[in-house]
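Biologist: I have a model open and want to go through it piece by piece. Can you show it first?

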Amino acid sequence: MTASVPQTGRLFAALPDQDAPAMARLHERLVDRAQREGILDVAYRTLDTPVGSLLLAGTGQGLVKVAYAVQDHDAVLRQLADSVSPRILHAPARLDEASRQIEEYFAGRRTRFDLPLDWRLSKGFRREVLRHLRDIGYGRTESYAQVAAAAGSPRAVRAVGTACATNPLPVVVPCHRVVRSDGSAGGYAGGADAKHILLTLEGAA
């Protein structure tokens, strides 16, 4: 049984609108069966936050993707099906802990995430940059140049910018804490408003 995004989408779209409870029961059975048979490779859900709807996706190794609505959730799911596994299902319960910690963060009750992460979507120097970002404390910022130096390549400022722009785990891996040397915010995958909200929340704007 292969639970690909397009296939499951057509399956549930075929059900009549007035039969939502039946659709929910069918989906639960599909998720349960996929889990029992060990063929649910990627679980996903969405979460409403002050920076808009976030798509969360996880594998057996941990959280693998966080995506903003402006990144097009459907496109992100297709990319995950191509790059990780086509066996992907909407299974919110698998991401309860990630959702809880993100909600605590936005409520001001959490300053560091304690989640297993699946780093497979970043490699080489980009992964080294992202691992360093977790060491930039809540309420602090570093410049792209400082991050490049900390990652062991002081001249790779542009590569740091690319690593931040392609960060598969924004919010949790805090690329929003990387700013330009003149103190201005710089770019952000979720948009300038989202970066401003995150920095303001942390008191580092």
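Biologist: What should I know about the source and the numbering?

Modeller: This is a predicted model, in which local features need pLDDT of at least 70, side-chain atom pairs count only at pLDDT 80 or more, and totals for chains, interfaces and linings use all residues. Residues are numbered from 1 along each chain as its sequence is written, and side-chain values use heavy atoms, with hydrogens and water left out.

Biologist: How many helices and strands in the protein?

Modeller: The protein has eight helices and six strands. Helices (H or I, at least four residues) and strands (E, at least two) are DSSP runs, numbered from the N terminus. From that end the elements run α-α-β-β-β-α-β-α-α-β-α-α-β-α.

Biologist: And what share of the residues is buried?

Modeller: Buried residues make up 46% of the 205 residues. Buried means under 20% relative accessible area, exposed means over 50%, and partly exposed is in between, with a 1.4 Å probe and protein chains only.

Biologist: What about contacts between residues at least 6 apart in sequence?

Modeller: Of those, 61% join residues at least 24 apart. Contact means heavy atoms within 4.5 Å.

Biologist: Now H8. Which of its residues are buried?

Modeller: In helix H8 (residues 192-201) they are Ala194, Lys195, Leu198 and Leu199. Seen down the axis of H8, these buried residues fall within an arc of 130 degrees, so they line one face of the helix. The arc is that of the directions from the helix axis to the C-beta atoms. As background, an α-helix has 3.6 residues a turn, so residues three or four places apart point the same way.

Biologist: What is on the other side of H8?

Modeller: Ala192 and Asp193 are there, and they are exposed.

Biologist: What do the buried ones pack against?

Modeller: The buried residues of H8 pack against strand E3 (63-68), helix H4 (96-106), helix H6 (144-150) and E6. After H8 comes Gly203, with a positive phi near 70 degrees.

Biologist: H4 is on that list. Which residues are buried in H4?

Modeller: Ala98, Ser99, Gln101, Ile102, Glu104, Tyr105 and Phe106 are buried in H4. The buried residues of H4 pack against strand E1 (42-49), strand E2 (52-58), E3 and H8. Just after H4, Gly108 has a positive phi of about 80 degrees.

Biologist: Which residues other than glycine have a positive phi?

Modeller: Asp72 is one of them, with phi near 70 degrees, and Val171 is another, near 75 degrees. Asp72 lies in the loop between E3 and helix H3 (73-83), and Val171 lies in the loop between H7 and E6.

Biologist: Are those buried or exposed?

Modeller: Asp72 counts as partly exposed, at 37% relative accessibility. Val171 counts as buried, at 1%.

Biologist: Changing topic: what does UniProt list for "active site"?

Modeller: The unreviewed UniProt entry lists Cys175. UniProt positions are given in the numbering used here, feature names are shortened, and annotations may be inferred rather than shown by experiment.

Biologist: Where is Cys175, and what does it touch?

Modeller: Cys175 is in the loop between helix H7 (157-165) and strand E6 (178-179). Cys175 is buried, with a relative accessible area of 4%. Not counting residues up to four places away in sequence, Cys175 touches Leu133, Cys164, Asn167, Pro170, Tyr188 and Lys195.

Biologist: Lys195 again. What does Gly186 touch?

Modeller: Leaving aside neighbours within four places in sequence, Gly186 is in contact with Tyr144, Arg180 and Lys195. Gly186 sits in the loop between E6 and H8.

Biologist: And where is Leu130?

Modeller: Leu130 is in helix H5 (residues 124-133), and it is buried, with a relative accessible area of 1%. Leu130 touches Trp119, Ser122, Ala163, Asn167, Pro168 and Val173, not counting residues up to four places away in sequence. Leu130 and Leu169 are 39 residues apart in sequence and 9.0 Å apart in space, C-alpha to C-alpha.

Biologist: Last one: what volume has the largest pocket?

Modeller: The largest pocket has a volume of about 150 Å³. On a 1 Å grid over the protein atoms alone, where a 1.4 Å probe fits, a pocket is an open set of points with protein on both sides within 12 Å along at least five of seven lines, and lining residues have an atom within 4 Å of a point. Grid points are joined across faces, edges and corners, and a volume is the space filled by probe spheres set on the points.

Biologist: Which residues line the largest pocket?

Modeller: Among them are Ala43, Gly58, Arg94, Glu97, Ala98 and Pro116.
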